[in-house]
Every structure is written in C-alpha cells, then in structure tokens.
Amino acid sequence: MSDLNDRELILELQQGSLDALGELYDRFRNMVYRTALAITGDPEAANDLLQDVFLRLYRFADRIDAQRPLEPWLYRMTANLSYTWVKRRKRWIRPLEDLADWLAGGSRNSPQEAAEMHDDWQRIQQAIAGLPLPQRVVVVLYYLNDLSLQEISEILSVPVGTVKSRLHYGRNSLKRSLGLQGETLLDWNYEGS
Amino acid sequence: MKAPKFHFGDGDLMDIFLGRMLKNWVAGRQPSLDGRERLLAAAARPALVERRRSYGLLHILRYLSSTPNYHGFQEEILSVSLSQSMIWSFHLATSNRILA
C-alpha cells in the first residue's frame, strides 16, 4: 500500500480496504492530530478527534472526489469536529470543572503546576485558548498548517474577507496577550525553526 | 497546498514568530500509539451492528422529541461527535431493548 499515491488509496478505500485506511492514517495522522491539538489544547480530545476524522473518512469514502487532494477534506473535518468539541466543552464540561474547583476550595493546580503556568509554552497555550473559536481555527490553519487565505476560505466555507478579518483580530489578540513588542519578538526563546 | 502568504504590512517578524511558535508548540507531539489499531478495529465493525445502533438512537430520539421538554436534549445528542454518539448509542440500544 505504501507505494500507492493518495488518489489510488482513496479509490482502494472506496472499495472498503482497511489497509488503505491504515496507510492514509499513517500519512496524515500527525497533521490531523496536531491541528486538533492546537484548536482544542487537549491531547485526549485530539486523540478522539483523530479517530473520528478517519472513521468518517472510511464511512463516507464514496462521497470523496479521488481526483482532488485529500488534505482540504481532512482539515475541514478536523476543524468542524474540533468546533463541536470546544463548544460542547464550554457548555457542559467547563461548568462541571468550575464546580469541582469550587468544591476543592479552588486549588486544583499543585504548586508545581502553578509554577509551570509561568512557562512560555503554557502562556502560548493559554493565549491561543483565549481566542474566540472562529479566530483560533483560522490562526491554527494559517500559522500551523501554512494554508493560504483562499484555502482556509474554501475549507471553512466562509468568504476570504472573513478569514482575513478573523486572522487580523486573532493576531492582534495574541500579540496583546503575549505582550509582544518588536524587541521581545527577537528575544523570545524558541527552538530552531 | 503551499501558496504565497498574506502580509499585514507591519513586517514579517510577527508572522514568522507566530508560525514558529505554533509549530514548536505542537512539534514532537504524537497521537497515541494504539490509535491505528483502534481505528481499524472500529472501522471493521460490521455495518449491521451500526445500523441497529442507529435504529436504537433514532427510536429514542423519536421518543424524546414527543416530549416538548426534551428538545434541547435532542439537539445536544444530534450535535455529538461520532465516538461520543457511539457511547450514546450503547446506552440507547440498551434502552431500546427495554422499550421493545
């Protein structure tokens, strides 16, 4: 299977081939997982979403056009399922967590965890999680996945102007919440490229 | 999928930074090791079982929608993702047996 291209694998998938599903999973799992992780900020949710995306790929393979690249379909499904997950969490899970916090006297984080909150990466995660969901999805697709405005517009089925506007506000919001100025950008300590 | 990047007019530094920041944040993060195995096992589940589970779900949804107070609950069930709807289906299939 590894010698087949994506198009050939989709055709195999449409015949119900589990080997083709496994091969496509191997090729795209990191892309889907990291996108879901960046949107949800939750590794367990990202694993569940990864399963959902590929199960849907298998179940709805006959609706996929094998002549077109698979990535936009995968991004669309990942973004939609991540949207649903985040919205549901906001509505149901977070109030329960807040209640648990209240019952525990508001000290869910251990001293070590509290210290880690000052870590740069923790700040980034919080800054991204603080973005409104539509902005967060656009920021992730644009900066993490290097998609163009046009590609994001097609994936999310929204006008390019809307993508541009969400990106603009998301970017400004990140800049503010991370306290980024010109010189701090140069000083920021990140690993290589 | 690569295309020229959009520029904001205030230099590329912010764009480069945000791109690197996001990529480094998730770099090296891997999905669970048994993910492939779990996926193939779930995909191989016979379609008949799926249909019966779906029937159980629809049966209960019809039952719930007949009571006005449950409309919000119904909407919530319909919005759940596949893995979660499978959990719902498990409960609902059991309920279906009781109702039958």
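Trainee: Which pattern does chain A follow when read along the sequence?

Mentor: This is a predicted model, in which local features need pLDDT of at least 70 and side-chain atom pairs count only at pLDDT 80 or more, while totals for chains, interfaces and linings use all residues. Residues are numbered from 1 along each chain as its sequence is written, and chains are lettered from A and ligands numbered from 1 in the order in which they are written. Helices (H or I, at least four residues) and strands (E, at least two) are DSSP runs numbered from the N terminus, and chain A has 10 helices and 0 strands. The pattern is therefore written, with helices and strands taken as DSSP runs, as α-α-α-α-α-α-α-α-α-α.

Trainee: Is Ala127(A) buried or exposed, or partly exposed?

Mentor: A residue is buried if 20 or more other C-beta atoms, placed from the backbone, lie within 10 Å of its own, exposed if 12 or fewer, and partly exposed in between. Ala127(A), found in helix α6 (residues 120-129) of chain A, has 18 other C-beta atoms within 10 Å. Because this count falls in between, Ala127(A) is partly exposed.

Trainee: With which residues is Ala127(A) in contact, leaving aside its neighbours within four places in sequence?

Mentor: Two residues are in contact if their C-beta atoms, placed from the backbone, lie within 7 Å. The C-alpha atoms of Ala127(A) and Arg176(A), 49 residues apart along the chain, are separated by 9.2 Å. The contacts of Ala127(A) are with Leu174(A), Ser177(A) and Leu178(A).

Trainee: At what angle do helix α2 of chain A and helix α2 of chain B pack?

Mentor: Axes are lines fitted to C-alpha atoms, for helices over the stretch in contact, and angles run from 0 to 180 degrees between N-to-C directions. Helix α2 (residues 18-40) of chain A and helix α2 (residues 35-43) of chain B have their axes 10 Å apart. The two helices pack at an angle of about 145 degrees.
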